[in-house]
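I opened this model to record its strands, its helices and the surroundings of its ligands. My entries follow in the order in which I looked things up.

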Amino acid sequence: PTNHQSNRHVAEVHSFGKVPLGIKRKGLRIVVTGGAGFVGSHLVDRLIARGDSVIVVDNFFTGRKENVMHHFGNPRFELIRHDVVEPLLLEVDQIYHLACPASPVHYKFNPVKTIISNVVGTLNMLGLAKRVGARFLLTSTSEVYGDPLQHPQKETYWGNVNPIGVRSCYDEGKRTAETLTMDYHRGAGVEVRIARIFNTYGPRMCLDDGRVVSNFVAQALRKEPMTVYGDGKQTRSFQYVSDLVEGLMRLMEGEHVGPFNLGNPGEFTMLELAKVVQETIDPDASIEYRPNTEDDPHKRKPDISRAKELLGWEPKVDLRKGLPLMVSDFRQRIFGDHKEGST
Ligand code: NAD
Ligand code: UDP
Ligand code: UDP
């Protein structure tokens, strides 16, 4: 109970800014599950820079120590190797719950593990939030809309998801995670936030991640053909990672539960994406067609009016601006040269 009260105090001081002049705001204690991954590590950078104490919880399935190594030695940073499927006792003010493989290649690798991570992992983190009175943010996905019959997708759309397909471990896992989140909110009074994230790219993505932007960029740099699945006319909307992190933080600090779409409405076919990669890296980069994967959504584009209105958020970095930032990071990791700096 003592802990609980002191959490509340910190949270109030934080959200209302009632800090007397000259007294430093006390940093929050924040858990980021999946914090050694692509999105998580960028979020951790922002939270540490803001002055908070961060505990990263990660099992390193797709995450890497290299993504957070620059914080080692900082007393406000801790890294715990832990699988969220197992219970965890911590005392914190906020939980950003990201732990879950995000690339189709990785989440299909062990589908049972994927759905268990989404369901049991989310249950455990909600149980933790309930016990210590922490605020909980779920990183859900645009995949909850499935192969959408509404375009662009609004948060009010319930989706068109195959419950028995090869993507279901992820789509249905995230849908169940959303359900659990709302049930803990309604039933146990846990303060929750739900983000539905659309395709995001940027530095630190795994080189062999299997997602389309990382594949095309790595392939073009290595002078290999870019692998276009299907006819390449399917669309996605690509968001640069710094825009996403800003949206996640605004959502956590704001008043609204959500769900909120967080994505960049700039929509591209895979062939158009290949063209942008050619313009950015190598005009001679070639294309090779491959059979498409099962249940691949035909189109995807977020309607972000809700986030604009209630969070005052919108993306700032379009694909042609964001891609070069990712390319310099990939170039350095693939060739180890020192021509360009990474973030
Ligand atoms: P990522 O694979 O780089 O990061 C996921 C992290 O979670 C990794 O560090 C991984 O090791 C860790 N992890 C996985 N299972 C775990 C478990 N059982 N216990 C502890 N740690 C575990 O992926 P990302 O792109 O950074 O995605 C982060 C979150 O955002 C995911 O929940 C994903 O579903 C969601 N999301 C991402 C995108 C995107 O385009 N990047 C789109 C929609 C949703
Ligand atoms: N849990 C956890 N850390 C905590 C509190 C709970 O990992 O600090 C886990 C707990 O082991 C359980 C889940 O969260 O599996 C749900 O907890 P809750 O208290 O809501 O349910 P109960 O344990 O009463 O079934
Ligand atoms: N894709 C592709 N080539 C690749 C990887 C993916 O054409 O090397 C296509 C894939 O079929 C899908 C789109 O790119 O239509 C986005 O796939 P990704 O795995 O990045 O994310 P998704 O939105 O499917 O989760």
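**Entry 1: β8 and its partner**

I looked up the pairing of β8 and found 4 bridges joining β8 to β13, the two strands running parallel. I took strands as DSSP runs of E of at least two residues and helices as runs of H or I of at least four, numbered from the N terminus; two strands pair if DSSP finds at least two bridges between them. V228 has Y289 as its bridge partner in β13.

I note that this is a predicted model, in which local features need pLDDT of at least 70 and side-chain atom pairs count only at pLDDT 80 or more, while totals for chains, interfaces and linings use all residues. Residues are numbered from 1 along each chain as its sequence is written, and chains are lettered from A and ligands numbered from 1 in the order in which they are written.

I then checked the two faces of β8: M226 and V228 form the covered face, T227 and Y229 the uncovered one.

**Entry 2: helix α8**

Which residues of α8 are buried? I found M270, L273, A274 and V277 in this helix of residues 270-280. Buried means that 20 or more other C-beta atoms lie within 10 Å of the residue's own, exposed 12 or fewer, and partly exposed in between, with C-beta atoms placed from the backbone. Seen down the axis of α8, the buried residues fall within an arc of 100°, so they line one face of the helix; the arc is that of the directions from the helix axis to the C-beta atoms. I recall that an α-helix has 3.6 residues a turn, so residues three or four places apart point the same way. The buried residues of α8 pack against α6, β8, β12 (267-269) and β13 (287-290); a contact requires C-beta atoms, placed from the backbone, within 7 Å.

**Entry 3: the open sheet**

I traced an open sheet of 7 strands, with parallel pairing, in the order β3-β2-β1-β4-β5-β6-β11. β3 (77-81) and β11 (260-262) stand at the edges with a single partner strand each, so one side of each has no neighbour in the sheet. Neighbouring strands are turned by 20° against each other on average, direction ignored. Axes are lines fitted to C-alpha atoms, for helices over the stretch in contact, and angles run from 0 to 180 degrees between N-to-C directions. α4 packs on the sheet and touches β1 (29-33), β4 (94-97) and β5; the direction of α4 makes about 170° with that of β4. I counted 3 bridges between β6 (residues 192-197) and β11, which run parallel; R196 is partnered there by N261 of β11.

**Entry 4: the ligand shells**

For each shell I took residues whose C-beta atom, placed from the backbone, lies within 6 Å of the molecule.

Ligand 1 has 28 residues around it, with G34, G37, V39, T62 and G63 nearest. α2 gives the most to this shell, with 3 residues.

Around ligand 2 I listed P87, L88, L89, L123, N124, G127, L128, K130 and R131.

Ligand 3 is surrounded by 14 residues, of which R211, V212, N215, T227 and Y229 are the closest. The elements giving two or more residues to this shell are α6 (212-221) and β8 (226-229). β8 gives the most, with 3 residues.

**Entry 5: G133**

I located G133 in the loop between α4 (111-132) and β5 (135-141). G133 counts as partly exposed because it has 18 C-beta neighbours inside 10 Å.

Terms used: Contact = placed C-beta atoms within 7 Å.
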